[in-house]
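Me: Please walk me through this model in short questions and answers. I would like the cut-offs stated along the way.

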Amino acid sequence: MEVLIRRSSMILTGLAPSPEELKIREFSKYETLRKQKLASLQFAENFAVLWMDLISFADDFGADAPTMDLALIRGYRSFLIQQLKAQPSYFDMIRDQVTDTHPDGKKNNHSLFNYISQSDTPDVTLENAMDTTFSLTLRIEMRCARCHD
């Protein structure tokens with residue numbers, strides 16, 4: 001049980017478990033601990049970093065970018081953390097990344113594509129973002145789909 005607690009803590013939050021958590025020996029208590037970690041700020045922060053890596057956000061907006069816009073990076077990271085704290089479904093997470101409106105009609109100012117439109121970086125284009133997003137979510141290379149019907 002100790003190994004399971006250590007691994008799940010590192011995967012979910014990026015942090016080692018506390019000594020009290022390591023004393024858990026019942027699976028039902030472990031399930032409670034796991035749910036607490038999924039609802040924690042540490043989980044949201046850890047997963048936001050992983051998500052930004054998956055969509056190549058750091059490559060497009062970070063240190064490799066010709067001009068690094070820290071306000072844009074912080075804003076998008078803060079949005080991701082808030083979104084993850086709300087524990088959306090995978091579908092809702094992807095929808096909020098790629099659409100400018102919610103199903104209830106409200107404007108979504110924090111979609112990934114909205115951040116791209118605010119960027120002054122010439123290498124950051126909607127085309128590149130769509131390639132990355134579709135490759136990540138659907139395992140479809142959009143570059144191939146442009147030529148092959």
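This is a predicted model: local features need pLDDT of at least 70, side-chain atom pairs count only at pLDDT 80 or more; totals for chains, interfaces and linings use all residues.

Me: How many helices and strands does the chain have?
Reply: Helices (H or I, at least four residues) and strands (E, at least two) are DSSP runs, numbered from the N terminus. Along the sequence the pattern reads α-α-α-α-α-α-α-α-α-α. The count is 10 helices and 0 strands.

Me: What share of the residues of the chain counts as buried?
Reply: Buried means under 20% relative accessible area, exposed over 50%, and partly exposed in between (1.4 Å probe, protein chains only). The chain has 149 residues. The buried share is 34%.

Me: How much of the accessible surface belongs to carbon and sulfur atoms?
Reply: Accessible areas come from the Shrake-Rupley method with a 1.4 Å probe; for residues, only the protein chains shown count as cover. The total for the chain is about 9,400 Å². The carbon and sulfur part is 57%.

Me: Among contacts between residues at least 6 apart in sequence, what percentage joins residues at least 24 apart?
Reply: Contact means heavy atoms within 4.5 Å. Of the contacts in the chain between residues at least 6 apart, those joining residues at least 24 apart make up 49%.

Me: How far apart are the end C-alpha atoms of α1?
Reply: Helix α1 covers residues 2–13, which is 12 residues. The expected span is 1.5 Å times one less than the number of residues. That gives 16 Å, and the distance in the model agrees: 16 Å.

Me: Within what arc do the buried residues of α1 fall?
Reply: The buried residues of α1 are Ile-5, Ser-8, Ser-9, Leu-12 and Thr-13. Seen down the axis, they line one face of the helix, because their arc is limited. The arc is that of the directions from the helix axis to the C-beta atoms.

Me: Which exposed residues sit on the face of α1 turned away from its buried side, and what do the buried ones pack against?
Reply: The face turned away carries exposed Val-3, Arg-7 and Ile-11. The buried residues of α1 pack against α2 (19–22), α3 (27–38) and α4 (41–54).

Me: Where do Glu-2 and Arg-6 lie, and how close do their N and O atoms come?
Reply: Both lie in helix α1, 4 residues apart, about one turn of the helix. Glu-2 is partly exposed at 32%, and Arg-6 is partly exposed at 39%.

Me: Are Glu-21 and Lys-37 buried or exposed?
Reply: The two form a salt bridge, with closest N and O atoms 3.3 Å apart. This pair links distant parts of the chain, Glu-21 in α2 and Lys-37 in α3, 16 residues apart. Glu-21 has 17% relative accessibility and Lys-37 has 12%. Both count as buried.

Me: Which class does the ring pair of Phe-27 and Tyr-30 belong to?
Reply: The structure holds 2 aromatic pairs. Rings of Phe, Tyr and Trp (its six-membered ring) pair if their centres lie within 6.5 Å; planes under 30 degrees apart are stacked, over 60 edge-to-face, and the rest tilted. For Phe-27 and Tyr-30 the centres are 5.7 Å apart and the planes at 45 degrees, so the pair is tilted.

Me: Which residues does Gln-83 contact, leaving aside its neighbours within four places in sequence?
Reply: Gln-83 lies in helix α6. It counts as buried, at 8% relative accessibility. Its C-alpha is 9.3 Å from that of Ala-48, 35 residues away along the chain. The contacts of Gln-83 are Pro-88, Asp-92, Met-93, Asp-96 and Gln-97.

Note on methods
Residues are numbered from 1 along each chain as its sequence is written. Side-chain values use heavy atoms; hydrogens and water are left out. A salt bridge is a side-chain nitrogen of Lys or Arg within 4 Å of a carboxyl oxygen of Asp or Glu.
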